[in-house]
Amino acid sequence: MESLRAFFAQPAVRRLSVLLLVALLLFSLRHMLNLLLLLFLVTFVMGRLQQLVTNGLSRFIRVSPTLVVVALYVILVAALVLAISNYVPKIVNQVIEMVNNLIRFLSSSSNDETVRKIGEALNKVDYRAYLGSAIDYIKKLGSWLEIILIVLLLSFFFLLQKNKIIQFTEKFRSSKIGWIYAELAYFGRRFASSFGKVVEVQLLIAVFNTVLTILGLWILGFPYLFALTIMVFLLSLIPVAGVVISFIPLSVIGYQAGGFPLVLWTVAIILIIHALETYVLNPRLYAHKTKLPMFYTFIVLIFAQHYLGVWGLIIGIPIFMFLLDLAEVDTQDTPGQG
């Protein structure tokens, strides 16, 4: 018994045990994954915005962080209400129309050899199931609105009373479960510094890609711009693979709207935007270069999608970077590496 106690008293064993307990807890709460991940993302992003706005205004006038939080959430809620009342119906209609139109186009254009080959290739990956899933997600909009409401309330009250919450939570350090709290606090700090920052960069890159891509598609005269905005933004959150995946629907819609010339222009625009992201945006957003080999990127995305579904494609890489950070793996490029 004493040897067992001595074994679990080791710092490394304790840390690993707490990490496994957290993993089991998250697995048991997998049905709440949408709520938990969205809560973290909204709280993290709004917290960062609050810091940036407060620090920026402090150069000219002293402002209360609480006032900034309230103002940011008022703006966010107003924007959501405006979007839901004016743009969501248009987006839903465009998504459903676009998906149904693509299915009809790929199914009925048997006389066009190019379209027939594209359809045969997409049939191998069961494109109908993926397009049908897109419609299913749109139909679940009501449940997502409930989740968004809960997330906004919880994140708002957290940021509003952040200091009090931290002070109250710190009391667990001197309790009988203080050793568990110490390990959880350690994981929390590492999680925010690695996972949070990677997600923040992914969001900024997604906004950059979406704005430029939709501007390019608008110039080319693409239809379904509202629906394509949502699609491009979500795919931009997927590292590397998102760009590859976006080629398929955009190329099919481009071929349907204007033939091969429009497809070539579309591919050229996406490649230019991807080059700007790679050589201009990424070096500015990352304080240190943390390139992950493409092989690792795809392997992580495959396993993450298998275990976490669509969320895995978005948070798979940040989770992997968090685990590398815990293992203290140096992911920075060394001189001479490309």
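Buried means under 20% relative accessible area, exposed over 50%, and partly exposed in between (1.4 Å probe, protein chains only). With that in hand, 33% of the 338 residues of the protein count as buried. This is a predicted model, where local features need pLDDT of at least 70 and side-chain atom pairs count only at pLDDT 80 or more, while totals for chains, interfaces and linings use all residues. Residues are numbered from 1 along each chain as its sequence is written, and side-chain values use heavy atoms, leaving out hydrogens and water.

**Exercise 1.** Work out how α2 and α9 lie relative to each other.

*Solution.* Start with the axes, which are lines fitted to C-alpha atoms, for helices over the stretch in contact, with angles from 0 to 180 degrees between N-to-C directions. Those of helix α2 (residues 11-28) and helix α9 (residues 178-220) come within 10 Å and cross at roughly 75°. Angles of 65 to 115 degrees count as roughly perpendicular, so α2 and α9 are roughly perpendicular to each other.

**Exercise 2.** Check whether the length of α13 fits its residue count.

*Solution.* The expected span is 1.5 Å times one less than the number of residues.

Key:
Helices (H or I, at least four residues) and strands (E, at least two) are DSSP runs, numbered from the N terminus. Angles under 35 degrees count as roughly parallel, over 145 as roughly antiparallel, 65 to 115 as roughly perpendicular and the rest as oblique.
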